[in-house]
Amino acid sequence: MKKLLYALFLLCFLAPITSRSQEEAGDVSKIWSYPVIYNYDEEVTWYFDMAGTTFTEDEDLYIWIWSPSEPDAGNWENSSDFAKLSYEGNFIWSFTLTPTTYFSVSAEDIAASAGFWLRLKNKDGSKQSGVAQVSYTPFNDFETANELIRSYPTKPSLDEGLSILFNANLAEGFDGVESVHFHSGLNDWEVLQEYQAWLPEISAKTQLKDLGGGIYKMDLIPSEYYGTEDGYVMTNLNFLMVAKDWAATIPDQVLNAAEYIPPPPPEFKFFPLQISQKDFLGMIRTNNERGVTTLKYTITAGSKIIEGEFTGGTSEIKGFVDLVTELHGMSGLSQIHVLVSDNNDRVITDTAIPLKK
Amino acid sequence: MKSLRLKILLLGLSLVCFWGCNKTDDGSYTTPITLYEKVGGSWSLKSLKMVDEFAKANEIKPDEQNLESFFNYQDFKLLLNLDQTMNPTSYKVEGNVPPLFEPSGYWELSSPFQPTTANAVRIKLYSDASKSKLTQELRLTSIPGSTSDMQVQLVRSSEGTAYLSYIFNLTATN
C-alpha cells in the first residue's frame, strides 16, 4: 500500500513536467572547440552549428548542461544569463567557459564524469535541440610520449583551429627559458609571422602557453593568425620553436595541410519536367548552402497567384504544389510563371513553364 | 435353348433402350467468373507514385517521386460499386484529396476477362449512368490474385506520348 502511495505521489509530481509541450528544434549539426585541445582548468570556447535546426538567427540560445554537473538546475523555464550563448553569425552560436569554474568541480572529477552532455534551448524551454555531447581530446600522454612536436589535427586547415604541443624537455637550450615563441609561415614561408623579439605585441602573439613541466602549447586559426586573404589556399605550415630572444631554436618543422574539398554545388530541379495544370509541381533543391532552410515560391497562372514555402536542410529541400486543385476549372492557360527564392531572399529561379494540354 | 437365347437378347435390347433414353446429367449452367468480382469493392491507398515518363524515357534522374505523404492521400479510398449481378455501377473517391480524376461517376472495364495479350485492362470512368461520356481511363496494371492488392495507373499524355503517370497501389478494405 505504501509503495502504491509513493508511486502515485511520484506520478503527480512528474505529470506537469511530462505534459509540458516541447518543440524539438533538431540536432546540433556540428560542435567544435577553440582551442582544439585544452585542460579542464583552461578557458575554452565551444561552437555549435545550428544550421538545419528550426532555431532562427535572431533567437537567444541557452545551454542546458547536466554532466559533469548542472549549473543552471531548476531554471529550465527561465534560463540564467550566465547560460546564454553568443551568436557568431552563419547559424553558429558559441559558449565560453572554464570547465572547472563553470561546473564547480575539479579537473579530476570532470575527467571521471560521463563527459559534457547538454541541450541548447530558448529562454523559457519551449524549444530545445536534441541531446548533444561536446567531445574532449585528452593529451596528457604527450608528456611521456618522447615526441618533440604533436599537432591537433595532424593536418591543419586554413579556417579551423590548430593546437601544437611542444616538449621543451627534448630540445637543447630550452631548460628554464622565460618564454617560448612560434616563428612560422604558410606555404614554405610565403606568408610570415616571424618572432620579432623587439616588438612586444608580436612577442605576445607568438608566445606559446606554458602548461608546466616543460610542455608548451600554441593555439591558432591559420587564416586569422596570418591574416590571409579570401580564397588563399594553404598547402603547408612551416615553423620552429624559439626560446626568448632567440636563445635557442629547434630544427624547422612542417605540417602539411588537409586537402580542401569544396562542397558540391547546389542544384535546383522542377519535378516532373513536363506538366499540365491537372498535375502536381515538385520543387527539389539539393546541396543547399549553410543557412538555406526554406524555398519560397510565387506561381502566377493567368490572374491567379499561388504562394507558399517548403522547408528542409542542407542536403535537400523538397515540396509539391497542388496545381490540380489550385487551377481546377481554369481555361485558356498555356503556361505558368514560377519565381522561387530562398529564406535569404536570393532568387533561385524565375522562369515560365509551358503547360501540356 | 433357342427360346432362352431369344429371351436374353430381348432383355439386353430392352435395357439398352431404357438407358439410351435417359438424359445425361452434366451439371447446371453457371456464369463465368469475371474481373468485376476481383476489381469491384472498396480500395484504400498503400502508396502513390508520380512517374516522370519523359525523364524516364530520356534516362534523366530523378524520374519518380512518392506522393502518399502529401495532400491527405493517406485518407484516399476508391469505391468501385457493383450491382447484385456483378455488373459495374457507380464509383466514388473518398478522402479530401486533389481530384487527379473526377471524384465520382460510373465505371466499367474495357474487358470483363483478363486479356491474353500484354495490353492492360482499363477501368473506364464516365460522368453519366449510360456510360456515354468518358472522363478518364485508368490502366489496371496489377490485378488482385493471391493477394488483395491492385495497381492502377493514370497516364497523362500529349500527342500520343506519355509524359507523366500516377501509380496508385491499392489494397482491398472489404
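Student: How many helices and strands does chain B have?

Tutor: Chain B has 3 helices and 9 strands. Helices here are DSSP runs of H or I with at least four residues, strands are E runs of at least two, and both are numbered from the N terminus. Along the sequence, the pattern in chain B reads α-α-β-α-β-β-β-β-β-β-β-β.

Student: What should I know about the model and its numbering?

Tutor: This is a predicted model, in which local features need pLDDT of at least 70 and side-chain atom pairs count only at pLDDT 80 or more, while totals for chains, interfaces and linings use all residues. Residues are numbered from 1 along each chain as its sequence is written, and chains are lettered from A and ligands numbered from 1 in the order in which they are written.

Student: What confidence does the predictor give?

Tutor: Think of pLDDT as the predictor's confidence in each residue, from 0 to 100. For chain B the mean pLDDT is 87, and 82% of its residues reach 70 or more. The complex as a whole gets an ipTM of 0.81 and a pTM of 0.61.

Student: Is Leu79(B) exposed, partly exposed or buried, and why?

Tutor: Burial is a neighbour count: 20 or more other C-beta atoms within 10 Å of a residue's own make it buried, 12 or fewer make it exposed, and anything in between is partly exposed, with C-beta atoms placed from the backbone. Leu79(B) is partly exposed because it has 17 C-beta neighbours inside 10 Å. Leu79(B) lies in strand 3 (residues 77-82) of chain B. Across chain B, buried residues make up 21% of the 174 residues.

Student: Which residues does Leu79(B) touch?

Tutor: A contact means that two C-beta atoms, placed from the backbone, lie within 7 Å. Not counting residues up to four places away in sequence, Leu79(B) touches Ser42(B), Tyr91(B), Lys92(B) and Glu94(B).

Student: How many residues does each chain bring to the contact between the chains?

Tutor: Chain A and chain B bring 16 residues each. On the chain B side, helix 3 (53-57), strand 8 (149-158) and strand 9 (161-172) each supply at least two residues. That side has 12 nonpolar, 2 polar and 2 charged residues, where Ala, Val, Leu, Ile, Met, Phe, Trp, Tyr, Cys and Pro count as nonpolar, Asp, Glu, Lys and Arg as charged, and the others, Gly among them, as polar.

Student: Which residues have the most contacts inside the largest nonpolar core?

Tutor: A nonpolar core is a set of buried Ala, Val, Leu, Ile, Met, Phe, Trp, Tyr and Cys residues joined through C-beta atoms within 7 Å. The largest one has 39 residues, and Trp107(B) and Val152(B) have the most contacts inside it. Strand 9 of chain B gives the most to this core, with 5 residues. Another core, of 29 residues, lies apart from it and includes Tyr38(A) and Phe239(A).

Student: In what order do the strands of the open sheet in chain A stand?

Tutor: Strands of a sheet pair through backbone hydrogen bonds, either parallel or antiparallel. Pairing requires that DSSP finds at least two bridges between two strands. In chain A, 4 strands form an open sheet in the order 13-12-16-17, with antiparallel pairing. Strand 13 (191-193) and strand 17 (253-256) of chain A each have a single partner strand, so one side of each is left without a neighbour in the sheet. Strand 16 (residues 236-243) of chain A is joined to strand 17 of chain A by 4 bridges, and Leu237(A) stands opposite Leu255(A) in strand 17 of chain A.
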